[in-house]
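The following paragraphs are intended to be read alongside the sequence and the three-dimensional structure. Please keep both in view.

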Amino acid sequence: MTNTNKEIPYKIYLEENEMPKEWYNVRADMKEKPAPLLNPKTLKPMTAQELGEVFCEELVQQELDDKNAYIPIPQEIQDFYKMYRPSPLVRAYCLEKKLDTPAKIYYKFEGNNTSGSHKLNSAIAQAYYAKKQGLKGVTTETGAGQWGTALSMACAYLELDCKVYMVKCSYEQKPFRREVMRTYGADVTPSPSETTAVGRKILADHPGTSGSLGCAISEAVEVATSTPGYRYVLGSVLNQVLLHQSVIGLETKAALDKYQITPDLIIGCAGGGSNLGGLISPFMGEKLRGEKDYRFIAVEPASCPSFTRGKFAYDFCDTGMVTPLQKMYTLGNNFIPSASHAGGLRYHGMSSVLSQLYHDGLMEAVSVEQTSVFEAAEMFARVEGILPAPESSHAIRVAIDEAMKCKETGEEKTIVFGLTGTGYFDMMSYEKFNDGIMKDYIPTDEELAAGFAGIPKFPGNEF
């Protein structure tokens, strides 16, 4: 609820001296820590040395750190952030009026940069540590293309080579996103491809596949580990990524505190977890420490329902089974969402941090169908003036639903959601919706069972 009579501006910005100087590591305040990454060969926790064969050295330390609540943001990264941060916290007055709801709705808008999304917050950090280590370049995967775009920008800024494996259906559906990456100097390959051993195997096992993030991760990891002077970087899921994205939540909380606003409900879309984890982290920290209570909702697509229909178990983070095992809510490493799914958030698993928080009952999760997501996106675009990314629109859908519940009950709840970015490179998806040919797809129990069958079986990993 809002605890002030001060007039709330349409957009709340922080001053430069109010911007975060440290990232917040929510794991430090978690009583039940996320389970460690396991070496799939030994089933023992991955060591820093083992992880260092895949990831940058400093990022490995961040990945393993579950004790330090605050990690200093290097000055070079702070300076880069100043090019597009702070991002605005916007009061959705027009949406509130359209819905005729007593709810107060705010959204944190992360689309004010060329990548069009929040992904740049971690891309510049990971590229910075790669450059600091003296590497030649990095490899990665990208689904909707936002992460690949952000990383190509960061690598261009720091003069690093960037190799991107882009999920094939996105590569074909979003040629302009691909061309932005190439404009920034990235080498972009549709995945699965014939350029890697794991890609060739996936194509042989799944002829004509539209690809998945799990496939693209496998290829990027193979190239990173077989090319001297390269390391692999990931745009979501990992602890280090949620750490970097905490700048979103830290700014959001500072802006709300500035006007003595306490949210009742915080909503974020959930694919791998970077946006949601970054948005809720400092608020979740208060909840974990018993200082305040909030309600958190993760929103995922009904066609890729990791939280709501997945299993909490150790699984590979990729389809080719070359990555460490992570305990998370998963649909199985070989699960590939339907090619008809246009709303992004196509990853088979979820961040181990968010998975543990969800497992412990500290947050909720819902799944929504994509036609209802695009209905919410178009309503938002027409009244708030921003064309939202399909991923973000999952959060918009549930924010609208919760605001309408307030209309029914008369409650004046304060709702905050994450608007992760813009949808201007997603017009093929909007076209399908506007032409009435977009279809909802919900996997059957039998289809999910086929994915679960690929989850590794070993003592202690029963589900």
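A residue is called buried when its relative accessible area is under 20%, exposed when it is over 50%, and partly exposed in between, with a 1.4 Å probe and protein chains only. The model is a predicted one, in which local features need pLDDT of at least 70, side-chain atom pairs count only at pLDDT 80 or more, and totals for chains, interfaces and linings use all residues. Residues are numbered from 1 along each chain as its sequence is written, and side-chain values use heavy atoms, with hydrogens and water left out.

With a relative accessible area of 3%, C406 is buried. Its sulfur lies 19 Å from the closest cysteine sulfur, that of C94, which is too far for a bond. A disulfide, taken as a pair of cysteine sulfur atoms within 2.5 Å, is found 0 times in a search of the whole structure. C269 is likewise in no disulfide, and the nearest cysteine sulfur, in C304, is 13 Å away. C269 is buried at 6% relative accessibility.

Secondary structure comes next. Helices (H or I, at least four residues) and strands (E, at least two) are DSSP runs numbered from the N terminus, and two strands pair if DSSP finds at least two bridges between them. Strand 7 (residues 161-167) is joined to the parallel strand 8 by 5 bridges, and Y165 has T189 in strand 8 as its bridge partner. Contact means heavy atoms within 4.5 Å.

Elsewhere, strand 12 (residues 311-316) and strand 13 are paired in the antiparallel sense over 6 bridges. T330 in strand 13 is the bridge partner of K311. Of the 6 residues in strand 13 (residues 325-330), 5 are buried.

A nonpolar core is a set of buried Ala, Val, Leu, Ile, Met, Phe, Trp, Tyr and Cys residues joined through side-chain atoms within 4.5 Å. The largest has 74 residues, of which W23, I77, Y81, F307, L354 and M363 touch the most other members. Helix 5 (residues 120-132) gives the most to this core, with 8 residues. Beyond its neighbours within four places in sequence, F307 is in contact with residues including A270, A298, Y329, L354 and M363. A second, separate core comprises 34 residues, among them V90, A103, I297 and I396.

Most residues other than glycine have a negative phi, and most peptide bonds are trans. The bond from R85 to P86 is cis, with omega near 5 degrees, and P86 sits in the loop between helix 3 (75-81) and strand 4 (89-91). S191 and P192 are also joined by a cis peptide bond, with omega about 5 degrees; P192 lies in the loop between strand 8 and helix 9 (197-205). D100 has a positive phi, near 55 degrees, and is exposed, with a relative accessible area of 52%.
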